[in-house]
Amino acid sequence: EDIRAAVKAMFTDPHHLRVEDPGRVEGHVVFTYLDAFDPDQKALAELKAHYQSGGLGDGKIKARLEAILQELIAPIRARRTQLSQDRAYILEVIKEGTERARERTEATKRDVVNALGLFQF
């Protein structure tokens, strides 16, 4: 739902008011994301040409982007779901992360105290 809402809210060409209107690809956020994530660049070039000549609505390109992003993060979601089932693993990761953060914080604190010439009691 978050991806769908984010893509739906993306800014598009303000002059592309009707599907029949020619659209601008330059500065179009959805096309910028498609440039970065669409694995089929040839089909994307055709989509851009269609959009620029008119006859293609923003809803269609947003749907394409959403589908690509959903597919891209599907393995991440699956791994997250798998890991979330192992409570002991999650607690161990949190414990180790907390310990590493504590060590770094103490080292930084020592560096600051030494750099400022302060004494700890």
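## Salt bridges and burial

Q: Why is R64 called partly exposed?
A: R64 has a relative accessibility of 25%. Buried means under 20% relative accessible area, exposed over 50%, and partly exposed in between (1.4 Å probe, protein chains only). R64 therefore counts as partly exposed.

A quick note on the source: this is a predicted model, where local features need pLDDT of at least 70, side-chain atom pairs count only at pLDDT 80 or more, and totals for chains, interfaces and linings use all residues. Residues are numbered from 1 along each chain as its sequence is written, and side-chain values use heavy atoms, with hydrogens and water left out.

Q: What makes R64 and D38 a salt bridge?
A: Their side chains meet at 2.7 Å, N to O. A salt bridge needs a side-chain nitrogen of Lys or Arg within 4 Å of a carboxyl oxygen of Asp or Glu, so the pair qualifies.

Q: Why is D38 called buried?
A: D38 has 5% relative accessibility, so this residue counts as buried.

Q: How do you know that R4 and E66 form a salt bridge?
A: The closest N and O atoms of R4 and E66 are 3.1 Å apart, so the pair falls within the cut-off. R4 lies in helix α1 and E66 in helix α4, so the bridge ties together parts that are 62 residues apart in sequence.

Methods: Helix = DSSP H or I, 4+ residues; strand = E, 2+ residues; numbered from the N terminus.
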